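Colleague: Please show me the model, and then let us discuss the ligand and some residues of interest.

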Amino acid sequence: LERDAICRKKHNIHVSGYNVPSPLQSFDELKSRYKCPSYLLRNLKELGFREPTPIQRQAIPVLLHDRECFACAPTGSGKTFAFVCPMLIKLKGPENGGVRAVILCHTRELTAQTYRECKKLAKGKKFRIKLMTKHLARNADFSKFPCDILISTPLRLRLAIKRKKVDLSRVEHLVLDESDKLFEPELFKQIDSVIKACSNPSIIRSLFSATLPDFVEDRARELMHDAVRVIVGRKNM
Ligand code: ADP
Ligand code: MG
């Protein structure tokens with residue numbers, strides 16, 4: 001569509017993949033196109049998010065159409081909301097029976113930051129959002145307490161998986177944030193065991209990154225089949 005092309009050009013959004021969903025013209029379309037619940041629209045307003053950032057314009061519709069997404073946009077361009085927004089809309093509300101979404105970040109600082117952002121965005125809805133601490137990784141039995149969204153480093157999550165204290169077979173959304181960092185060779189084993197543990201065949205995986213070196217593209221192609229690739233600006237800014 002002409003309108004989509006104009007929007008992408010204006011915001012320097014480059015896409016590849018088959019049948020790419022239309023970018024958002026505004027946050028109002030979250031409501032009109034995707035029936036976004038009112039708590040989320042309210043939180044956006046409170047946080048002062050008026051216009052979607054370029055990555056949000058394109059990645060949110062891609063994920064809301066249940067397509068895998070492979071996204072690259074500069075640091076500070078709002079990638080967290082680009083994956084948390086569709087996750088919250090898709091999960092609808094809290095549910096018992098196991099972890100339904102996992103966000104992996106390469107450092108503890110980043111997990112804590114992502115956790116805080118998630119809590120703010122989910123305010124008003126009783127999602128159980130858990131930050132995987134060292135204590136939880138070593139001692140918790142996740143089958144004993146409810147958790148909708150789990151945010152962890154690969155190392156800690158792998159520890160909990162090895163202890164057989166977390167069941168990831170129901171996970172519907174797996175986000176690899178800063179995937180260029182996550183795909184460094186020293187994290188390979190951890191990432192691999194998390195991906196294997198998330199065994200739900202209808203899982204939607206997504207990768208977010210500020211740079212897109214070839215090894216990330218290669219891993220993405222291995223992991224995903226029908227992904228939409230979204231790049232804002234240039235690949236390696
Ligand atoms: P990235 O992960 O791309 O580095 P973040 O998701 O951490 O970026 O977002 C950077 C900052 O921008 C955060 O403070 C976030 O709350 C804010 N932000 C995100 N989306 C918007 C928006 N649409 N409008 C205004 N501020 C936003
Ligand atoms: Mg980020």
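Predicted model: local features only at pLDDT ≥ 70, side-chain atom pairs only at ≥ 80, totals over all residues.

Modeller: Residues are numbered from 1 along each chain as its sequence is written, chains are lettered from A and ligands numbered from 1 in the order in which they are written, and side-chain values use heavy atoms, without hydrogens and water.

Colleague: How many residues surround ligand 1?

Modeller: A residue is near a molecule if one of its heavy atoms lies within 4 Å of it. The closest are Glu 51, Gln 56, Gly 76, Lys 79 and Thr 80. The number of residues around ligand 1 is 13.

Colleague: How many residues of the shell around ligand 1 are polar?

Modeller: Asp, Glu, Lys and Arg count as charged, Ala, Val, Leu, Ile, Met, Phe, Trp, Tyr, Cys and Pro as nonpolar, and the others, Gly among them, as polar. The shell has three nonpolar and three charged residues. Its polar residues number seven.

Colleague: Which residue has a side-chain N or O atom 2.7 Å from an oxygen atom of ligand 1?

Modeller: A polar contact is a pair of N or O atoms within 3.5 Å. A nitrogen atom of ligand 1 lies 2.8 Å from a side-chain N or O atom of Gln 56, and an oxygen atom of the ligand lies 3.1 Å from a polar backbone atom of Ser 77. The residue at 2.7 Å from a ligand oxygen is Thr 80.

Colleague: What share of the area of ligand 1 does the protein bury?

Modeller: Accessible areas come from the Shrake-Rupley method with a 1.4 Å probe. Taken alone, ligand 1 exposes 570 Å². The share that the protein buries is 71%.

Colleague: Is Cys 72 buried or exposed?

Modeller: Cys 72 belongs to strand β2, residues 69-72, a strand being a DSSP run (E) of at least two residues. Buried means under 20% relative accessible area, exposed over 50%, and partly exposed in between (1.4 Å probe, protein chains only). Because its relative accessibility is 0%, Cys 72 counts as buried.

Colleague: What is the relative accessible area of Asp 66?

Modeller: Asp 66 is found in the loop between α4 (54-64) and β2, where a helix is a DSSP run (H or I) of at least four residues. Asp 66 has a positive phi of about 60 degrees, although it is not a glycine. Asp 66 is partly exposed, and its relative accessible area is 42%.

Technical notes:
Polar contact = N/O pair within 3.5 Å; in protein donor to acceptor, adjacent residues only side chain to side chain.
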